[in-house]
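Dear colleague,

I am passing on the structure below, together with some notes on what turned up when it was examined.

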There are 2 protein chains.
Amino acid sequence: MESRVTSENSEEIISTAHAMADAARLAILPFFRSDGLLADNKATAGFDPVTEGDRAGERAMRAVLAAHRPQDAILGEEFGHQPGTSGLTWVLDPVDGTRGFLSGTPTWGVLIAVSDASGPLFGIIDQPYIGERFEGGLGRAWMTGPMGAGPLNVRGDRALNEAILFTTFPEIGDTVERDGFGAVADLVRLTRYGVDCYAYALLAAGQIDLVIEAGLNAYDVQAPIAVIEAAGGIVTDWRGRPVHDGGRVLAAAGAAQHAAALEILSSV
Amino acid sequence: MESRVTSENSEEIISTAHAMADAARLAILPFFRSDGLLADNKATAGFDPVTEGDRAGERAMRAVLAAHRPQDAILGEEFGHQPGTSGLTWVLDPVDGTRGFLSGTPTWGVLIAVSDASGPLFGIIDQPYIGERFEGGLGRAWMTGPMGAGPLNVRGDRALNEAILFTTFPEIGDTVERDGFGAVADLVRLTRYGVDCYAYALLAAGQIDLVIEAGLNAYDVQAPIAVIEAAGGIVTDWRGRPVHDGGRVLAAAGAAQHAAALEILSSV
């Protein structure tokens, strides 16, 4: 099925995405740093917390779509897939970075992407506690936050030894993946850990050069892809291929950083 | 020399500290995420960035002290020691977490402590971009932020296998220190990395259980000590001794976590 995004409906798609982000903020924030926040364990091994905040956020976003764009499909982390008829799919992660959320750290985010068969067309990375929103696609690359609003632009080409690298490692990935990451980390100027989707927002905002991750799902990566590409950056897998279905992710602020990191990661 | 903190002047000390934090916000924020931020390298080996933001922040705080409490001594990260006559010393780190600052991550902080010979009496951890302030000592334990204001209380006793641990590791510490940290990390529920002084604020705010660090200076730890102790927590070195002069730090939200971590770390 072919999607139909035109200049007429692209504004409606964007405004729907913002309404979803607004609704998710209201739904999720009461759970952030609340006493007695419950964390179920949905994984059979390891720690994969799902909070009421996640579920409330996704319900709120699905309600906005039911009211405004019932013809679109939905793929959400918490409540799975709902088919549609428009050729467009909303890909939702209500709380990306649940571990950060459970720790009170304000670097988790609400991820909203709208995609067709070719990948994400528009995305939002929203940080409700700080009140920051990063959006990209359909002609936009923009952020709003505590210090005002402005365009998103990646920092551009830079040598690896001048680059700032972010990752969720050492918390995720298998040994081989960690070694691949480590080989890049050995060559960069500065490596930082553990801020989840916020790292992609920082890359789109021109603050950092590289994000390297593994084991991501489509709903973890589609909004970052839309925002970063709109800001002028590059997002692929560790072989240089499209990564909107998830997996091992390499995001870069310029072709130079991307090529240099890819040369190392492609041998993993 | 004996310090004289009375009910009369403790309010003045607290209001001076807030005026310093306000001045630091105004001085530092223009440099946060600014284009072309310069990072000098003051270390002969490794990466130890000092930005204009650090220097502007400390200058602004020293100006407040010169106007309101010229009798107090000052120990600041950027501009060193200035003697005083009151027996009180202000211990200042204008940007704790410079690497986070340089990366655009909003988990750096302004650290302000006022101390006598026994250690810190009052402290502030301020996050200017988010607009969050955590304060403790002289009868106060309080935070203000995007969701309003309220008292600071640690979460209290909890078993190690239910604990959330934060650290700057793997970025700092020598091999022995990293192994000690790792032995505790193996036993906790969740370990998170790299948010600098913000981890101490999260501990005081009842969000997490343990912070383990090494290689800290007095100006890195005195404000966290004041805030955490006021909120009911415990901060010592890895032998259980006072740590306001810096070194290896163990901060805990309850006696149970502190004792369990100390049993492991004290053998390092």
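Across the interface of domain 1 and domain 2 of chain A, zero salt bridges are found, a salt bridge being a side-chain nitrogen of Lys or Arg within 4 Å of a carboxyl oxygen of Asp or Glu. Three residue pairs, both residues at pLDDT 80 or more, are in polar contact across that interface, which requires N or O atoms within 3.5 Å, one able to donate a hydrogen and the other to accept it, with sequence neighbours counted only if both atoms are side-chain atoms.

Please bear in mind that this is a predicted model, in which local features need pLDDT of at least 70 and side-chain atom pairs count only at pLDDT 80 or more, whereas totals for chains, interfaces and linings use all residues. Residues are numbered from 1 along each chain as its sequence is written, chains are lettered from A and ligands numbered from 1 in the order in which they are written, and side-chain values use heavy atoms, without hydrogens and water.

Domain 1 covers 7-151 and domain 2 covers 160-265 of chain A, with bounds from an automatic or database domain assignment. Their C-alpha centres lie 21 Å apart, and the contact (heavy atoms within 4.5 Å) takes 32 residues from domain 1 and 20 residues from domain 2.

Together the two domains bury about 1900 Å², 71% of it on carbon and sulfur atoms; buried area here is the accessible area (1.4 Å probe) lost on putting the two parts together, summed over both. A:Thr107, A:Pro120 and A:Ile125 supply 29% of the area that domain 1 buries against domain 2, more than any other three residues.

Best regards
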